[in-house]
Amino acid sequence: RPGMLMAAAGAQDVAQEFTLRLQRAAGLSPRADRLQLKSRLQTLLESLREDPSIEGRSNHVEFLLAWWSPREHKPLALHLFSAGAGEWVDRWAFAGVPLGVEIASFAVGTMRYLDPAELSLEQAQVIALKVLRDTIETGVEGIAGAVQIGVLARDHIRLVTETEMQTLERTVDLWESCCAELLLAARDRS
């Protein structure tokens, strides 16, 4: 068939608008060169992300586009991230597993109410550790291990000592405990 197959995961309004724009895009055909097609799809997605009329724009939407390439005489699949990155899927065993970078980006986004410019060094280290722990805990298989934090100075990097890491770990534990208590208290009041 001459068309494309598309699957999306994430914010529904963004996925639907991308689908509509994909349908209306002139000259967007599986017959095109794969690199030209990838570039056109990325441009289409970029214009969507910049459109202020789409209320629920999100950086957490992914698309999987597949088609039969008459040029290459085989099926092609492109995994397109909402931020614009794209990767070719070489096998048909795609499972939509998020990358560690995507999970970390989401974890950072959950703390958007904190302004890094107003944090002390210690507070910034606590935030960094919290984001890393959330990434590891919610991540896919293969993200694990002890966290090591470094402080970047003008002319060197100083690794946080084991004692400092223990203090940071206890602070994050306390933070998470307080959050849990607040949530449970709110539930009990309602």
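User: In which sense do E3 and strand E4 pair, and over how many bridges?
Analyst: Strands E3 and E4 (residues 86-88) pair in the antiparallel sense, over three bridges. Two strands count as paired if DSSP finds at least two bridges between them; strands (E, at least two residues) and helices (H or I, at least four) are DSSP runs numbered from the N terminus. This is a predicted model, in which local features need pLDDT of at least 70, side-chain atom pairs count only at pLDDT 80 or more, and totals for chains, interfaces and linings use all residues. Residues are numbered from 1 along each chain as its sequence is written, and side-chain values use heavy atoms, with hydrogens and water left out.

User: Which residue stands opposite Leu 78?
Analyst: Trp 88 in E4 does.

User: What about the turn there, which residue has a positive phi?
Analyst: Gly 84, at about 115°; the E3-E4 hairpin has four residues between its strands.

User: How many bridges join E2 to E3?
Analyst: Eight, and the two strands run antiparallel. Phe 63 stands opposite Leu 80 in E3.

User: Changing topic, which residues of H1 are buried?
Analyst: Val 14, Ala 15, Phe 18, Arg 21 and Leu 22 are buried, where buried means under 20% relative accessible area, exposed over 50% and partly exposed in between (1.4 Å probe, protein chains only). Seen down the axis of H1, these buried residues fall within an arc of 130°, so they line one face of the helix. The arc is that of the directions from the helix axis to the C-beta atoms.

User: And which residues are exposed on the other side of H1?
Analyst: Gln 12, Gln 23 and Arg 24 are exposed there.
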